[in-house]
Amino acid sequence: MEEKRQIVEKYFNMIYRLALSQTKNREMAEDVVQEVFLRYLKADRGFESEEHIKAWVIRVAINCSHSLFSSSWYKKTAPMSELKDEITFDSEEKSDVYYAVKELAPKYRAVIHLFYYEDMSIDEISKALKVNPSTVKSQLSRGRKLLREKLKGGYDFV
Amino acid sequence: MFRKYYKEANDSLEPNRALIDEIFEKAKKKEKSKIYKLAARYGTAMAAVLVIAATAVFYPQIKNLNEQLPVTVSETGGGEVLAGESIENESMRTIVPAEENQGMPKAETNDAVVTQEKFSSDAINKEAMRSEQAITEDLAVTEGRVSMDEIYDVTDAEKNVVSSFLHSIFGERDEATQNKFLFEIVGKFDTDEKTFYLGRWRWWVGDHSSLLTEFVLDENLSNMYECIANGEGFSWTTENNFLEE
């Protein structure tokens, strides 16, 4: 259990921020985080390595975030006003880039977040999301294009 | 530049690390409830196996006893049923009356034996059914389940009454953290015995609220249990009544 606790502590922030990028709401992100790690603690499967665990929790977080919106619980209980969660930043640039990403479609948000925040390579993202590397490449490229349009070309995307 | 600002923006979003302890608490609770369910399931199976084994073990003895019974009756030659003294059921005494038994053809005597065997195995089966029923009743008391379709709306006035009641019990704030509590009443549903409110217990952490647990509270406001969303509905156990703690 101690080993599992170390894993939870290590990936807790990563999963929270990923879930937040997907759900756009702090409460919902926390719900996703709980669900992901409860599943991890319950999982009997043997993980081959820590990289395997990382990829698994990322995939579960993305899936949980998506299924949360379609769950009958949220349809019934969460009014739209509650889903809007305004976050303020100490600089305009941070606010601009954060909200520009937030406005993207979920599939672009996920790859943009993993590539630019988690510094994951295209191969790593494709393994984590279990999609073809070429799909990740095209989503990344399309996501960047949309961001350039939103941010009016004021940022480089290295 | 995009990467730098995006990283800084995300770095400033700090999650509530206390959630880690909550996750481990919940995992422990789930594990306990899993063990309980397994024990109940295996208990029922074990009871069934024991009944079958008992029937198999005692069958020859019951058979022998029953074979002796008509003989003893006929040997007495009168109205006394000696072997029948062990038969407590009055109706069984009428099965083999002594007078009739004296000239009873063999086939009829066998019928009496069969009836008595049936009585004995019926008694064992009834016992097994009673023990299974007890286990089932126990589970019914400790578990509940409701689907989303069964939940109906609650008026705002009712929500306020329930929320005020919960605040009067649990206070406005958590004593340790001073986080403000928020009780959200989502709806109501009926079980065979009671009507329950379904709600979410949250607290405010900084500028946002965080879910502590979902709960069911009976209409009499005397029992409140933690419940868990399971996709299509909710389930709960009556192990811990929050209102009794």
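This is a predicted model: local features need pLDDT of at least 70, side-chain atom pairs count only at pLDDT 80 or more; totals for chains, interfaces and linings use all residues.
**Touring the contact between chains A and B**

Between chain B and chain A, 16 residue pairs are in polar contact, counting pairs with both residues at pLDDT 80 or more.

Start by selecting the side of chain B that touches chain A. Helix H1 (2-11), helix H2 (18-76), strand S2 (181-190), strand S3 (195-205) and strand S4 (208-218) of chain B each supply at least two of its residues. By class, this side of chain B has 18 nonpolar, seven polar and 16 charged residues.

Now show both chains. The contact is made of 45 residues from chain A and 41 residues from chain B. Together the two chains bury about 4,300 Å², and 62% of that is on carbon and sulfur atoms. Next, select B:Phe2, B:Arg3 and B:Tyr6: within chain B they lose the most area to chain A, together 18% of what that side buries.

Then return to B:Tyr6. Which residues line the second largest cavity? Select B:Tyr6 with A:Leu20, A:Ser21, A:Tyr98, A:Val101 and A:Lys102 to see the lining. The space inside is about 30 Å³, and the whole structure has two cavities of 30 Å³ or more.

Last, colour the helices of chain A. Helix H1 (2-23) and helix H6 (92-102) each supply at least two residues of this lining, and H6(A) gives the most, with three. The lining of the second largest cavity has four nonpolar residues, one polar and one charged.

How values were computed:
Residues are numbered from 1 along each chain as its sequence is written. Chains are lettered from A and ligands numbered from 1 in the order in which they are written. Side-chain values use heavy atoms; hydrogens and water are left out. Contact means heavy atoms within 4.5 Å. Buried area is the accessible area (1.4 Å probe) that two parts lose on being put together, summed over both. A polar contact is a pair of N or O atoms within 3.5 Å; within protein, one must be able to donate a hydrogen and the other to accept it, and residues adjacent in sequence count only if both atoms are side-chain atoms. Helices (H or I, at least four residues) and strands (E, at least two) are DSSP runs, numbered from the N terminus. Ala, Val, Leu, Ile, Met, Phe, Trp, Tyr, Cys and Pro count as nonpolar, Asp, Glu, Lys and Arg as charged, and the others, Gly among them, as polar. On a 1 Å grid over the protein atoms alone, a cavity is a set of points where a 1.4 Å probe fits but cannot get out, and a pocket is an open set with protein on both sides within 12 Å along at least five of seven lines; lining residues have an atom within 4 Å of a point. Grid points are joined across faces, edges and corners, and a volume is the space filled by probe spheres set on the points.
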